[in-house]
Amino acid sequence: MKVSDFQEGGQYRVGRVIGAVSATYEKCETEPPRRYTQSDLIDDMMAAHKFAPSEQERQVLRQIDGLGTSRTRESTISGLLQRGFLEEKRTRRGRAELVPTPLARSVVQHLPAMLTSVATTAKWELAFRLIEQGKAEPEQAQQYLRLTLQQIVKEAQGKGRIEMPAPPPPPTRHFGKTPPASNSAAKGRTTARL
């Protein structure tokens, strides 16, 4: 078979051999995807259906308008920053990018897969919406959550002890004027931590 036969409407079948006329290559470097900013992350939380593995889960996430609510998305990100799971680093152009810390990577690595899945969140959000609309009873959701938590605990017990890096220390804040370190140490003063 000639390439011209294929181009002129010849049909390709599995196993059919097509001869190449020419080939070229370009020397390029791949670039990793850009890191999230807080705004990017909120946008993807609202469009979480893009990350669902099945069409059914994508539909659920579309119904509930993504992960969290307009009131909780920003506070969730702020909490992750405050607890040392994320850091904000500025690029040369001033873009404030979110970077996961070693603590965050370790936690996610050791969590059961179902707790890191947007599909699990979608199911919980849908259950809460159904209760809110009066289409489901709270006891049904509690039973489902209880069974899910039992499964998670059983899986975690099988893993044994998990060693994780310590969270970063909280920032030191000084009250009033702080003397230089050498004077402070000589006079026995310490600084308070919040």
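In the predicted model, Thr101 is placed in the loop between strand S2 (96-100) and helix H5 (102-110). With a relative accessibility of 4%, Thr101 counts as buried, because the cut-off for that class is under 20% relative accessible area. When residues up to four places away in sequence are not counted, Thr101 touches Gly84, Phe85, Leu86 and Glu87.

The phi angle of Asp65 is near 60 degrees, a positive value in a residue other than glycine.

The packing of helices was examined next. Two packed helices are described by the angle between their axes and the distance between the axes. Helix H3 (residues 55-63) packs with helix H6 (residues 118-132) at an angle of about 50 degrees, and their axes are 9 Å apart. This angle makes H3 oblique to H6, and the crossing of the two helices is left-handed. On the H3 side, the contact is made by Glu57, Val60, Leu61 and Gln63. The residues contributed by H6 are Val118, Ala119, Ala122, Lys123, Leu126 and Arg129. Classified by residue type, the contact of H3 with H6 comprises six nonpolar, one polar and three charged residues.

Arg58 is also located in helix H3. The relative accessible area of Arg58 is 22%, so this residue is partly exposed. Arg58 and Ala119 are 61 residues apart in sequence, yet their C-alpha atoms are 8.2 Å apart in space. Not counting residues up to four places away in sequence, Arg58 touches His49, Ala52 and Pro53.

H6 packs as well with helix H7 (residues 138-159), here at an angle of about 160 degrees and with the axes 9 Å apart. Because angles over 145 degrees count as roughly antiparallel, H6 is roughly antiparallel to H7. The crossing of H6 and H7 is left-handed. Lys123, Trp124, Phe128 and Ile131 form the H6 side of the contact, while Pro138, Ala141, Tyr144, Leu145 and Thr148 form the H7 side. By class, the contact of H6 with H7 has seven nonpolar, one polar and one charged residues. Lys123 of H6 takes part in the contact with H3 and also in the contact with H7.

The largest nonpolar core of the model contains 14 residues. Of these, Leu41, Met45, Leu61, Leu67, Ile77, Leu98 and Val118 touch the most other members. At least two residues of this core are supplied by each of helix H2 (38-46), H3 and H6. The largest share, three residues, comes from H2. Leu41 is in contact with Tyr36, Ile77 and Leu98 when its neighbours within four places in sequence are left aside. Ile77 and Leu98 are themselves among the core residues that touch the most other members. Leu61 and Val118 are likewise in that group, and both belong to the contact between H3 and H6.

Technical notes
Residues numbered from 1 in each chain as written. Predicted model: local features only at pLDDT ≥ 70, side-chain atom pairs only at ≥ 80, totals over all residues. Heavy atoms only, no water. Axes fitted to C-alpha atoms, helices over the stretch in contact; angles between N-to-C directions. Helix = DSSP H or I, 4+ residues; strand = E, 2+ residues; numbered from the N terminus. Parallel < 35°, antiparallel > 145°, perpendicular 65-115°, else oblique. Left-handed = near helix turned anticlockwise from the far one by under 90°. Contact = heavy atoms within 4.5 Å. Nonpolar A, V, L, I, M, F, W, Y, C, P; charged D, E, K, R; others polar. Core = buried A, V, L, I, M, F, W, Y, C linked by side-chain atoms within 4.5 Å. Buried < 20%, exposed > 50% of the residue type's maximum accessible area, 1.4 Å probe, protein only.
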